[in-house]
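Got a model open and want to talk through how its parts fit together? Let's take it one question at a time.

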Amino acid sequence: MQARNSKLALFAGMVAFLLSGLLAQAPATNVFAASQGSMMMEKGSAYALRGNVANVQLDGGEPAWIQSGIWVLRVLPGGDASFIARISMVATDGTSAHTHTISGFSLQDDFTEGDGIRVIEGTADVTAPTGRADDVRVTVKVLNGAAVAVSIDPEALGGHFGTSPIYGTVSKASSAGAMMMEKKLTRTSVPLELPLTRGFAGGSEVFYISTEASDKDLADHLTSLTGSRVAYAPALAGAPAESLANIYAFSNGIEGEGPLGFQPNVADSQPGDAKYSPLWRINVVEWQQGAQVRELRSEQEVLAAAGAGEVTVTFTEMVVNCPFVQWDGGSLQLRQDRNLSDDSPYGGGQVLEIDTDARKVTFVAHRGFAPDGSTIYYIATDASVKEVADALGVVHAEKTGAALLTGSASDLWVFTNGIEGTGPMGFQASVAGSDIGDDSYSPLWRILATTWDDASKARFLTTAQEIGDAGQEGALSVDVAGVVVNCPFVEV
């Protein structure tokens, strides 16, 4: 029972971090293979490990802090490496509980030290409730495939981590056969070209895609306008106000490429702004007779014109999903390896090419299953948790997290163990709780961490009914991960 409670607590509070660590799975790599012997640990070999933190930090020779948590280390075939950890600390008197995360690891050196010791050195970002320290020196030593020692620059965060390493264990599979199970699918990652639409935000030019609309007539209009399907998603009409940004669409004035035939849309924010969300509430702007018609490029200009009586702004209940692809000073992350195969890593960027001149972007479309088991493809554009967004190579859109427990989000079962495959965490492909055409369909996916109680007895599941049945049997558990990922379904 204690192990069961620990697992529930882990996925309720930490699975967003787990996603960030495991999304970057190296192709065809057994997560636990390196723990089976020191031969796998030689310099130049690719492997992936994860495990737990179990450490007591001393102060003046006396126990001061109890440290626990999780960590994930990956060394890729090309020689790059990633390390992510989440470390909870509490004073030995039970006070001052808090949590640190280590992410954004940049490899500097990789070598062996004696027999069975692999050393990974680099820099990373270390967070605490009081702030973040960037480019902190971090050394990870894997000791005979069974233990790990993490050394953090003693000066980071005011010497908070002391001068001794933080020790942990390497997880091992409950049975070797369980982790060798594999279900190969074909066409798991395919390139998909989508049209870009030009707009404005904060006075600058931006480019975005349109994938869903809460109003059917609007969805049909945008589909005709862009030449690419914009799905009708009535569930988006129920998105909470705090999850939305504002977009201003012009119904008259200067003719142009806007959706109503006039100037481009104006957004109230762009990625990096606190107000940014890919979910736009549409506001219709109309120039008044006698006004000096001109191109407006920011929300401030629109509101100033409205205040001067030059335009009227009509607020609507319509919501569209229009993720930004390129904006002032940034864009979605481009994949370094643009050659897709059935073993391509899930993370590391979701875009292959951005061509604003030709007004097109090429995404990676991932294969999954609709509730009835039929094949669907989807893209990933943003996530409400920064660690997950960084691992995927998408935009951090914190505001969409407000939709997590509402009807404007839909379920996506993501497997955390069992049969190896092409899902986000390195196991079988995900199963969606709704499909386009369903009233409940939404591109905002509420990630459900789906875990087999005994990985050796895992089955390949393709329908929502099969997952429900397995849950009722007690064969697997499903926990809300606390993260919303924007994954529109697409046609390939």
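**Around helix α3**

What covers the buried residues of α3 includes the strands β12 (212–213), β13 (231–232), β16 (279–287) and β17 (311–321).

Q: Before we zoom in, how many helices and strands are in the protein?
A: Keep in mind that this is a predicted model. Of its 492 residues, 53% count as buried. As for the count, the protein has six helices and 29 strands.

Q: Among contacts between residues at least 6 apart in sequence, what share joins residues at least 24 apart?
A: This one is about how far along the chain the contacting residues lie from each other. Taking the contacts between residues at least 6 apart, the share that joins residues at least 24 apart is 62%.

Q: Which residues of helix α3 are buried, and how wide an arc do they cover?
A: Helix α3 runs over residues 216–226, and its buried residues are Leu-218, Ala-219 and Leu-222. They sit on the same side of α3, because the arc they cover around the axis is only 100°. An α-helix has 3.6 residues a turn, so residues three or four places apart point the same way. So the arc asked for is only 100°.

Q: Which exposed residues does the other face of α3 carry?
A: Look at the face turned away from the buried side of α3. The exposed residues there are Asp-217 and Ser-224.

Q: Is His-98 buried or exposed?
A: His-98 belongs to strand β4, residues 98–112. Its relative accessibility is 17%, and the cut-off for buried is under 20%. So His-98 counts as buried.

Q: What relative accessible area does Thr-99 have?
A: Thr-99 is also placed in strand β4. Thr-99 counts as partly exposed, because its relative accessible area is 26%.

Q: Which side chain makes a polar contact with the side chain of Thr-99?
A: Apart from neighbours within four places in sequence, Thr-99 is in contact with Arg-86, Ile-87, Ser-88, Thr-127, Ala-128 and Pro-129. Pro-129 is 30 residues away along the chain, with 7.0 Å between the two C-alpha atoms. The polar contact, at 3.4 Å, is with the side chain of Ser-88.

Q: In the hairpin of β21 and β22, which residue takes a positive phi?
A: β21 (residues 360–369) and β22 (residues 375–378) pair in the antiparallel sense over four bridges, with Gly-368 opposite Ile-376. Five residues lie between the strands, and the one with a positive phi, near 95°, is Gly-373.

Q: What is the bridge partner of Tyr-378 in β29?
A: β22 also pairs with strand β29, residues 489–490, in the antiparallel sense over two bridges. In β29, the partner of Tyr-378 is Phe-489.

Methods
Residues are numbered from 1 along each chain as its sequence is written. This is a predicted model: local features need pLDDT of at least 70, side-chain atom pairs count only at pLDDT 80 or more; totals for chains, interfaces and linings use all residues. Side-chain values use heavy atoms; hydrogens and water are left out. Buried means under 20% relative accessible area, exposed over 50%, partly exposed in between (1.4 Å probe, protein chains only). Contact means heavy atoms within 4.5 Å. The arc is that of the directions from the helix axis to the C-beta atoms. Two strands pair if DSSP finds at least two bridges between them. A polar contact is a pair of N or O atoms within 3.5 Å; within protein, one must be able to donate a hydrogen and the other to accept it, and residues adjacent in sequence count only if both atoms are side-chain atoms.
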